Amino acid sequence: MSIDLKRLVRQNIWNLKPYSCARTEYSQGSATVFLDANESPYNNPNNRYPDPLQRELKAAIARVKGVAEECTFLGNGSDEAIDLVLRIFCEPRRDNVVAISPTYGMYEVCAHINDVEYRPVRLNDDFSLNAGRLLSATDSHTKVIFLCSPNNPTGNCLEREQVERILERFGGIVVVDEAYSDFSTERPFRKDLREHPNMVVLNTMSKAWASAAIRLGMAFASEEIVELMNRVKYPYNVSLPTQKEALAMLRRGPQVGIWIGSILSERRSLTEAFSILPLCEKVFPTDANFFLARVSDARKIYDYLISCGIVVRDRSRVELCPGALRITIGTPDENNALLGALRQYKG
Ligand code: PMP
């Protein structure tokens, strides 16, 4: 769906004259003496502000992800991109956002922080997406729809055809959070940016790239939307240590591929072994590095595992997930520790 950005963006953001930092005014050339940014001359390289647009890192990410640099935004985790989308498009106390339910909790928290109404719309009982139900929850004040595929906490990919229906029929922004897409064989939506000028795809270094500590998230969108995100973000939102560490990780692509392979093979063996435990009622299919399982007594089993020094996520009070635990795939040793403990469980 083509969109009228000027109509969608908050007026104050559209008119914003962004902060111009020293490193934006002077970003390249042969200067060697920097007396422009009130930095200390000592303790190189951490004395200097980092590149506000993270150009070197963006070029490397663009190569790995197959997305143009101009269509790439980098932030302090994908959580920064989620917050920016709300701040750019949603007028507090007037606009609303629609999201699938259950899903990742930060969409709702960020909406509430921004005083924006959040409208959760239940997935089907098998966790599949019903585009019609989502679209009918929108009105003229709905600016953003949040989708997550593979979805957290359910683990499944949303059906491409249903997502496309939303992208084609909704005149606002559709966020497709693909934090877990490296664990799935489905074609990622970031490859289809050109066809969908209203789409913002989220990726992160926190999952398959094994770098949650450095806080680096990505948003892929049209050049115009990325330009708006760059104007609204804090000037130096990605630290130099993070930029350096992310570049180092991107050079370790083959190692990351091996880790993903191991997680996928462990996912197969762990879910198989889990499904025949007496306490297991159902293991739901997963395209992510975690799985959701319905068990005989989620709270008791959660507490029992804690007493064994093993932490999983109790999702039993989440919509459509009664009795469910969410379990991340660990190393073979960690997964065996989990299975060993559960085999000893006496309900
Ligand atoms: N999206 C989803 C679907 C997630 O599950 C998470 C973290 N659990 C995030 C985004 C957050 O990613 P980041 O660490 O990049 O902020």
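Guide: Start at G309, which follows helix α12 and has a positive phi, near 80 degrees. Helices here are DSSP runs of H or I with at least four residues, strands are runs of E with at least two, and both are numbered from the N terminus. Everything comes from a predicted model, in which local features need pLDDT of at least 70 and side-chain atom pairs count only at pLDDT 80 or more, while totals for chains, interfaces and linings use all residues. Residues are numbered from 1 along each chain as its sequence is written, and side-chain values use heavy atoms, without hydrogens or water.

Helix α12 itself spans residues 298–307, and A298, I301, Y302 and L305 in it are buried (under 20% relative accessible area, with exposed over 50% and partly exposed in between, for a 1.4 Å probe and protein chains only). These residues lie on the same side of α12, because they cover an arc of only 105 degrees around the axis, the arc being that of the directions from the helix axis to the C-beta atoms. An α-helix has 3.6 residues a turn, so positions three or four apart point the same way. The packing partners of the buried residues of α12 are β9 (290–295), β10 (313–314), β11 (324–328) and α13 (332–343), where contact means heavy atoms within 4.5 Å.

Between β10 and β11, two of those partners, runs a loop that holds L320. L320 is not a glycine, yet its phi is positive, near 70 degrees. Its relative accessibility is 22%, so L320 counts as partly exposed.

Y107, C110 and A111 are its buried residues. They line one face of the helix, because seen down the axis of α6 they fall within an arc of 105 degrees. The buried residues of α6 pack against α5 as well as β2, β3, β4 and β5. After the end of α6 comes D115, with a positive phi near 60 degrees.

The partner of β1 is strand β7 (residues 217–220), in the antiparallel sense over four bridges, and T72 stands opposite F220 in β7.

Axes are lines fitted to C-alpha atoms, for helices over the stretch in contact, and angles run from 0 to 180 degrees between N-to-C directions.

Helix α5 (residues 77–89) also meets helix α9 (residues 223–232): their axes come within 10 Å and cross at roughly 95 degrees. That makes α5 roughly perpendicular to α9 (65 to 115 degrees, with under 35 roughly parallel, over 145 roughly antiparallel and the rest oblique). On the α5 side the contact uses A81, L84, V85, R87 and I88, and on the α9 side L228, M229 and V232. Seven of the contact residues are nonpolar, none is polar and one is charged (nonpolar being Ala, Val, Leu, Ile, Met, Phe, Trp, Tyr, Cys and Pro, charged Asp, Glu, Lys and Arg, and polar the others, Gly among them).

One loop remains. P45 lies between α3 (22–25) and α4 (55–65), and a cis peptide bond with omega of about 5 degrees joins N44 to P45. Q54 is placed in the loop between α3 and α4 too, with a positive phi of about 45 degrees although it is not a glycine. Q54 counts as buried because its relative accessibility is 1%.

Notes:
Pairing = 2+ DSSP bridges.
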